[in-house]
Amino acid sequence: MAKWGEGDPRWIVEERADATNVNNWHWTERDASNWSTDKLKTLFLAVRVQNEEGKCEVTEVSKLDGEASINNRKGKLIFFYEWSVKLNWTGTSKSGVQYKGHVEIPNLSDENSVDEVEISVSLAKDEPDTNLVALMKEEGVKLLREAMGIYISTLKTEFTQGMILPTMNGESVDPAGPPALKTEERKFVQAFTHAPAVLEADKGGKFHLVDGNVSGEFTDLVPEKYIAMKWRFKSWPEGHFAIITLTFIDKNGETELCMEGRGIPAPEEERTRQGWQRYYFEGIKQTFGYGARLF
């Protein structure tokens, strides 16, 4: 093991059995392929959409070929991922008739943004035409893009822990954001959304969640009682916000949460409901164990 003061300190590294990068000056690589496979399967299999025609859901990840890795070169993280994906989906009409279909994502890679990734939706061979294909192509594709965005942002935050450690002057490098944002509120939100978050938990404070796909402003906060906010999806018309209120009611040692949303665009109501159920309520339950009953 080299010691400080022996030779040129720019090249001094400590050899460790656990391969931890000590001084950030040499090249290290972490294979993220197995982690990515599990993460992508979980995200894709959670995709479900519904409208007046019926509902559709991804039922199988039939192909997931590729690899992912993270490299640290002199304190700079370099991300590489490239995946070819095939999914199977099932649609059920209001009358109970089932349809089978496929989704193909030929190139999910670091060379393209999520919005640029090609997604092809089709019916299985010999299946009759159904309006559920349009549902999957529109709302289903939106959720698939959200899933890919969450995978990428989580890869860049959750999976990078320990790859960059304090430098010589004692300052830390944090891939998730500057030190000023390291509040307990941000940590909790990032934990249950599994994505980067920026927020000021005060009246008038702004927030950006799920890698910027959700944003808004807190209009009123009363600890343990009430939260009101202006809230929007990135894909909504420019400048349009819904008004979301969360009321917390103490009932015999349990907390009842009442949510109300006003001003949600009509075509986005179901997607918004599913988004809150998935990223907020189910995320909080799975992460912290709160919410034994979700309605």
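**View 1. Residues that line the largest cavity.** In this predicted model, the largest cavity is lined by Glu 146, Ile 150, Val 210, Asn 213, Val 214, Trp 231, Phe 233, Gly 275, Trp 276, Tyr 279 and Tyr 280. The space within the largest cavity amounts to about 60 Å³. One cavity of 30 Å³ or more is present in the structure.

**View 2. Elements and residue classes around the largest cavity.** At least two lining residues come from each of α2 (132–157), β10 (226–233) and α4 (269–288). With four residues, α4 contributes the most to the lining of the largest cavity. Sorted by class, this lining comprises eight nonpolar, two polar and one charged residues.

**View 3. Elements and residue classes around the second largest pocket.** Two or more lining residues are given by each of α1 (33–44), β2 (48–51), β3 (54–73), α2, α3 (184–193) and α4. Helix α4 provides the largest share of the lining of the second largest pocket, nine residues. By class, the lining of this pocket is made up of eight nonpolar, nine polar and seven charged residues.

Definitions and conventions. Residues are numbered from 1 along each chain as its sequence is written. This is a predicted model: local features need pLDDT of at least 70, side-chain atom pairs count only at pLDDT 80 or more; totals for chains, interfaces and linings use all residues. Side-chain values use heavy atoms; hydrogens and water are left out. On a 1 Å grid over the protein atoms alone, a cavity is a set of points where a 1.4 Å probe fits but cannot get out, and a pocket is an open set with protein on both sides within 12 Å along at least five of seven lines; lining residues have an atom within 4 Å of a point. Grid points are joined across faces, edges and corners, and a volume is the space filled by probe spheres set on the points. Ala, Val, Leu, Ile, Met, Phe, Trp, Tyr, Cys and Pro count as nonpolar, Asp, Glu, Lys and Arg as charged, and the others, Gly among them, as polar.
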